[in-house]
Amino acid sequence: MRRHGGWDPPLRLKCICQVTDRVRCSRFAPLCLSAASSFSLTASSSTRPLIVHGVSWARPLRIPLVPCEGAAPFSTRIPAGEEEAGLGARLRWPAAAHRQRLARLRIEESLSGEAGSRCSCYRKRYQQDVLVLESHDLPGGAAHSFEVKGYKFDSGPSLFSGFHSRGPQANPLSQVLDALGESVPCATYDSWMVYVPEGEFLSRIGPTEFLKDLETFVSLDAVHEWKKLLEAVLPMSAAAMALPPLSIRGDWGVVSTAAARYAPSLLKSFIQMGPQGALGATKLLRPFSEIIDSLELKHPFVRNWVDLLCFLLAGVKSDGIISAEIVYMFAEWYKPGCMLEYPLKGSGAVVDALVQGLKKYGGRLALGCHVDKIVVENGRATGVKLSSGHFVRAKKAVVSNASMWDTLNLLPPDVVPNTYKEQVEATPQCESFMHLHLGFDAQNISEDLGIHHIVVNDWSRGVDADQNVVLISVPSVHGKGLAPPGKHVLHAYTPGTEPYSLWEGLDRRSMEYRKLKEERSEVMWRAVERVLGPGFSREKCDVKLGGTPLTHQRFLRRNRGTYGPAIKAGEATFPGHSTPIPQLFCCGDSTFPGIGVPAVAASGAIVANTLVSVSQHSELLDAIGI
């Protein structure tokens, strides 16, 4: 698979790899293997090569533990179909020779992926050797950053909160960073610009500010219903946040690390809520729409707004999201003193912090490694086969951060139970994305431009309708080093609403593909022009890059370019992290708790917890104060 410096690297697989005694190392070396993009390696600090034994038909895979001198040359040509017509911008692509010859791999002391990153870092924090193998030439997964002509683009998540929260109720990503002793410097702000059929207004988070917006732009009835919702939901947040996801593990040890450890705080939260609140808290595992219905909320704007928040968070509306997830978000956004945060150096700074944490505990990452198959011997996952033909043996476990559909495709068909195969194939999928990355002159743009904007064209179509909702982020508003002086960097996208069926079977080099790409990008261009005003000209942009569902499918190796599973609360639950194949685990948005940065951070930590003893797990919870 071709690797790129753009916004969507492929998926990760993780594996615990057996190493030879030629290197000083622990009993086993956890290895993160990427189904599509990245592999991560934790090994000894020795500067001698680490030899991972292959099978008889493959040469041993020699992985130097320090960066190689004279790295392979880079091609700067974007393949046809992956740039806007007439763009002329350049991305850094590894040259073909580097992609082909993987016998000697360059090890970067860095980290990849979302859930994969969290799991490998957390494993290293447990003093276990971790190897991450990354098919992409940049670490970070869908959260990585890339640079074009001095513009530093976010590839994915751009709306953050809770980076500096601490304790049991903190954001799981913050807890992982805390465990690693790392932090991410952030700018703080409390608003985002909203463009909806009712009007345009600056939506402010917090318990009272949004009420003023509702009174001004909607109605007093909407104000009363929103107050009613907050009064019911915020007390529930104590119960929703009383059991930290990082206390969970996938075996009976969870009785000690979660149930027994946090039973007093759970009981206390129920007592503080009173009988009515405690009764409401029993609905935390049900669809959030049931809470809305029980409160008899009727105002169209309130219900539409809640649907929008749910969809942006989890890819489903209020009738599909589990209540605990959205209640947690309400507590983050509508409690006194809450703030939104953005990393001063872009979302790539989160990856950098994880990289430093991995490095601090001796972890390693190998870039440019691509997994073709998960190898199963005698009914157990024993390693992976790389596209280069090499075999990497796993001693303890293989952990896949690929989607459930892609993980299934990596397994030998004859070892997969029919029930598991049928369950995966029957799981509904969210749609995919359209993306637009722009670099442009800030001279004629308003100086009070905000960082985040959301455009909703028509409530009646639903927030999950295609071409109806556009999200826009201008991170250079806060991160001044993200664009050249006097310039801005912008990322616009449709949030998991682009039908893959429109693109299926198209040749990315064809005129048909280019024409469809231009047509389907127009809704984003119009939204950008609305946000930036008459001083913006699309023709004068320094950089214009577009992405489609085929881009997602190709670079993330996401089945049909999907955002993730469209699992609706009340109808089904997200799978756990074990599989029918012994020694094969899964993490990421195809597993509990689901889609979203906090959720996938938690899933990675849960798998790491499962692979260590209960005492080690408890000691780490004590160390980070949860």
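This is a predicted model: local features need pLDDT of at least 70, side-chain atom pairs count only at pLDDT 80 or more; totals for chains, interfaces and linings use all residues.
Biologist: Why is Gln175 called buried?

Modeller: The relative accessible area of Gln175 is 3%, and buried means under 20%; Gln175 therefore qualifies as buried. Gln175 lies in helix α3, residues 172-180.

Biologist: Which residues does Gln175 touch, not counting those up to four places away in sequence?

Modeller: Gln175 touches Gly167, Pro168, Ala170, Pro244, Leu246, Ile624 and Ile626. Contact here means heavy atoms within 4.5 Å.

Biologist: What makes β14 and β24 edge strands of their sheet?

Modeller: The open sheet has seven strands in the order β14-β13-β21-β22-β23-β20-β24, with mixed pairing. β14 (199-204) and β24 (543-547) each have a single partner strand, so one side of each is left without a neighbour in the sheet. From one strand to the next, the twist averages 15 degrees.

Biologist: How do you know that β13 and β14 pair?

Modeller: Pairing requires at least two bridges, and β13 (residues 191-196) and β14 share six, in the antiparallel sense; the two strands therefore count as paired. Val196 has Gly199 of β14 as its bridge partner.

Biologist: What makes α8 mostly covered?

Modeller: Twelve of the 15 residues of α8 are buried, among them Phe301, Trp305 and Leu309. Just after α8, Gly315 takes a positive phi of about 80 degrees.

Technical notes:
Residues are numbered from 1 along each chain as its sequence is written. Side-chain values use heavy atoms; hydrogens and water are left out. Helices (H or I, at least four residues) and strands (E, at least two) are DSSP runs, numbered from the N terminus. Buried means under 20% relative accessible area, exposed over 50%, partly exposed in between (1.4 Å probe, protein chains only). Axes are lines fitted to C-alpha atoms, for helices over the stretch in contact, and angles run from 0 to 180 degrees between N-to-C directions.
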